[in-house]
Amino acid sequence: MIQLYAITAPNGLINIGSAYTASRALDTIQNGSPERLELSAKMSAPSELKSALHAALALSHSHGEWFRPTESVLRVVELMRMQDIGAMLAYLELLVDAP
């Protein structure tokens, strides 16, 4: 298990990634940013969930692990806050099956 995290930048972009500890990921990403970043959410999850999330959110992708704050991305952040892996998997299934 790893920690999935969502880090929000002042411009609204959201970094969705994974690490052994979300706070260390924030420190690492913060070092390269002139703006103050915020750890918006984190949850324990299987490591393969990050790749599934990135694929499901492809239409919201900006660059690297950064995503635009679309409805789908904000819902994923909300589910991370709730730490509900079952709801996250169900939502991912909906996104993948959407036309």
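1. Strand 1 and strand 2 (residues 14-19) run antiparallel and are joined by 6 bridges; strands count as paired if DSSP finds at least two bridges between them. Strands here are DSSP runs of E with at least two residues and helices are runs of H or I with at least four, numbered from the N terminus. Ala-6 stands opposite Ile-16 in strand 2. The two strands make a hairpin with 5 residues between them, and Gly-12 in the turn has a positive phi of about 100°.

2. The model is predicted: local features need pLDDT of at least 70 and side-chain atom pairs pLDDT 80 or more, while totals for chains, interfaces and linings use all residues. Residues are numbered from 1 along each chain as its sequence is written, and side-chain values use heavy atoms, leaving out hydrogens and water.

3. Strand 1 also pairs with strand 3 (residues 38-45), antiparallel, through 7 bridges. Here Tyr-5 stands opposite Lys-42. Of the 7 residues of strand 1 (residues 2-8), 6 are buried, so the strand is largely enclosed by the rest of the structure. Buried means under 20% relative accessible area (1.4 Å probe, protein chains only).

4. Helix 3 (residues 71-82) and helix 4 (residues 85-97) have axes, lines fitted to C-alpha atoms over the stretch in contact, that come within 10 Å and cross at roughly 165°. Helix 3 is therefore roughly antiparallel to helix 4, a label for angles over 145 degrees.

5. In the contact between these helices (heavy atoms within 4.5 Å), residues of helix 3 including Arg-75, Val-76 and Leu-79 meet Ala-87, Met-88, Tyr-91 and Leu-95 of helix 4.

How values were computed: Axes fitted to C-alpha atoms, helices over the stretch in contact; angles between N-to-C directions. Parallel < 35°, antiparallel > 145°, perpendicular 65-115°, else oblique. Buried < 20%, exposed > 50% of the residue type's maximum accessible area, 1.4 Å probe, protein only.
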